[in-house]
Amino acid sequence: MAFKKGDLILKSEPYAYVLCSEFRGLYCDHCLKKHQELHKCTQCLFSFYCNKNCQKSAWLDHKQECLNLKRRRPARPTDFVRLIARIIYKLKTLTLPDKYEEIGNIKRGFEDLMSHVELIKNDPLRLNQYHVISKLIADFVTPDVLPSNQELFEIFGKITINSYSICDIEMVNIGVGLYLGASMFDHSCRPTATIVFEGPTLFLKAVVGISQLSTTKVFISYLDLLASTYERKRDLKAQYYFDCMCATCKDEEKDLITSSILCPNTNCSQPTVMKKDSFLCIECGEVKLEKTKQQEISELIENCKKVNEEMMQLQKLNKYQEIYDKADDSIQKAKSVLHIFNVHYVRVLDFAFDACINLSKWETACNLGKQILKSYRYHYGNSHPNYGIHLLKLGKILLYLEKLLEAEHILLEASTVIKITHTPTHQLHTICHELLSQCQMELQLK
Ligand SMILES: [Zn+2]
Ligand SMILES: [Zn+2]
Ligand SMILES: [Zn+2]
Ligand SMILES: [Zn+2]
């Protein structure tokens with residue numbers, strides 16, 4: 001079966017999933033929707049639900065966990081321990097046909113997942129993580145279901161290699177789940193399909209034409225594409241134990257752009273890359289820059305990396321003013337040197353953009369948003385959920401600032417992207433449609 005750009009390839013329900021602890025009490029543990037008033041499970045006092053319906057639907061998966069949580073109170077298991085425990089109980093209780101997921105004419109069960117146990121045995125960091133987790137599991141589940149050490153190691157490997165982060169509508173990772181069907185697809189840094197979620201349900205959508213449903217045609221990205229080849233390869237190796245050999249990873253020219261600088265010719269806006277000892281502009285060819293410039297560029301890039309790490313920590317604490325100050329300081333230093341396609345630099349802008357939204361600095365957010373947009377289009381391509389969501393955020397800001405024509409243009413583009421990347425029932429469509437209607441109405445009143 002062939003798929004056109006925007007077609008749904010697969011809808012996959014999770015084999016097991018959990019809401020991440022940091023969002024407990026903010027999102028429903030069952031449907032993963034954000035809710036103002038959630039009701040606590042009166043037994044374990046741990047899980048939260050929208051209503052009786054969600055609680056009832058969750059009960060089959062929560063029943064045993066609830067007892068374990070109650071018994072261990074006030075100790076709280078980690079998300080990973082809860083996910084493993086849920087899977088252990090699933091493996092004991094699931095009967096046919098729920099054990100399998102069908103994808104075309106392929107049937108996949110938990111036993112079909114890759115575990116890479118041999119590779120994990122040679123990875124001291126992972127192995128150590130396993131030792132910690134196995135103790136926590138033994139302490140959390142009841143002895144009657146506790147797998148042997150070998151079985152548990154296998155389960156641990158399968159979940160480590162195959163689980164997905166579950167994102168909310170703004171692409172924030174709020175949960176983690178295992179999907180038997182979706183986990184059969186391999187990674188590429190130039191994916192042919194993308195994943196979005198509605199609650200815990202996973203949807204796989206084609207972002208280019210795909211001739212058939214097979215693992216040689218459908219590729220998804222396991223990580224954020226806004227990264228250098230070195231970073232992507234390093235992270236894929238550490239998390240999934242493979243060396244990415246995709247076309248993007250072999251494209252040296254494209255990789256140089258991820259650390260590019262501004263062209264010294266003031267009327268040129270193209271990125272300039274450092275190749276051996278010379279500087280090459282995509283547009284102007286070889287350009288003259290002083291040797292000392294190299295040192296300055298490296299220092300600026302290193303500074304962006306350092307600041308990004310710091311801002312990541314501050315973001316967890318919602319310290320937006322501090323993030324903004326740090327980002328702004330870094331931007332002032334780098335803006336006359338680094339190009340917007342430089343991934344380390346655009347990440348700084350991204351933090352600043354997000355901080356501005358939270359601090360209601362709309363004009364600054366608008367300017368940053370426009371710059372980021374160009375970089376996103378280059379790195380993610382125009383059929384990526386992150387690109388669509390960024391357009392939507394920018395459109396909303398433009399609308400708020402009453403820059404109506406620009407807002408309409410951006411929101412129309414957002415609508416086109418979201419149609420490709422998201423399902424027709426996705427909440428993002430409604431949000432986009434409402435913003436666009438409001439914008440067009442205000443334009444008519446002018
Ligand atoms: Zn719910
Ligand atoms: Zn409970
Ligand atoms: Zn790659
Ligand atoms: Zn140039």
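Analyst: Leu-45 is found in the loop between β3 (39-40) and β4 (48-49), where strands (E, at least two residues) and helices (H or I, at least four residues) are DSSP runs numbered from the N terminus. Although Leu-45 is not a glycine, its phi is positive, at about 55°. The model is predicted, so that local features need a pLDDT of at least 70 and side-chain atom pairs count only at pLDDT 80 or more, whereas totals for chains, interfaces and linings use all residues. Residues are numbered from 1 along each chain as its sequence is written, and chains are lettered from A and ligands numbered from 1 in the order in which they are written.

Pro-74 lies in the loop between α1 (52-72) and α2 (79-93). Most residues other than glycine have a negative phi, and most peptide bonds are trans.

The domain assignment, which comes from an automatic or database source, gives domain 1 (7-17 + 79-240) and domain 2 (260-352). Their C-alpha centres lie 35 Å apart.

Among the sheets is an open one of 3 strands in the order β1-β11-β10, with antiparallel pairing; strands pair if DSSP finds at least two bridges between them. β1 (8-12) and β10 (193-198) stand at the edges with a single partner strand each, so one side of each is left without a neighbour in the sheet. From one strand to the next, the twist averages 20°. The antiparallel pairing of β1 with β11 (residues 201-206) runs over 4 bridges, and here Leu-10 stands opposite Leu-204 in β11.

Another open sheet has 4 strands in the order β13-β14-β15-β16, also paired antiparallel. Its edges are β13 and β16 (285-287), each with a single partner strand, so one side of each has no neighbour in the sheet. β13 (residues 261-262) is joined to β14 (residues 271-275) by 2 bridges, and Ile-261 has Thr-272 of β14 as its bridge partner. Thr-272 also stands opposite Cys-281 in β15. Between β14 and β15 (residues 278-281) there are 4 bridges, with Val-273 partnered by Leu-280 of β15. β14 and β15 form a hairpin with 2 residues between them, and Lys-276 in the turn has a positive phi of about 50°.

Helix packing comes next. Two packed helices are described by the angle between their axes and the distance between the axes. The axes are lines fitted to C-alpha atoms, for helices over the stretch in contact, and angles run from 0 to 180 degrees between N-to-C directions. Angles under 35 degrees count as roughly parallel, over 145 as roughly antiparallel, 65 to 115 as roughly perpendicular and the rest as oblique.

Helix α9 (residues 292-316) and α10 have axes that come within 10 Å and cross at roughly 170°. That angle makes α9 roughly antiparallel to α10. Residues are in contact if their C-beta atoms, placed from the backbone, lie within 7 Å. In α9 the contact includes Leu-300, Val-307 and Met-311, and in α10 it includes Ile-323, Ala-327 and Ala-334. This contact has 8 nonpolar, 3 polar and 4 charged residues; Ala, Val, Leu, Ile, Met, Phe, Trp, Tyr, Cys and Pro count as nonpolar, Asp, Glu, Lys and Arg as charged, and the others, Gly among them, as polar.

Helix α10 (residues 320-334) also meets helix α11 (residues 343-358), with axes that come within 9 Å and cross at roughly 140°. α10 is therefore oblique to α11. The crossing is left-handed, a term used if the near helix is turned anticlockwise from the far one by less than a right angle, with right-handed used if clockwise. By class, the contact of α10 with α11 has 13 nonpolar, 2 polar and 1 charged residues.

Helices α13 (residues 385-400) and α15 (residues 427-445) have axes that come within 11 Å and cross at roughly 30°. The two are therefore roughly parallel to each other, and their crossing is left-handed. Leu-392, Gly-395, Lys-396 and Leu-399 of α13 meet Ile-431, Cys-432, Leu-435, Gln-438 and Cys-439 of α15. The contact of α13 with α15 divides into 6 nonpolar, 2 polar and 1 charged residues.

Terms used
Two residues are in contact if their C-beta atoms, placed from the backbone, lie within 7 Å.
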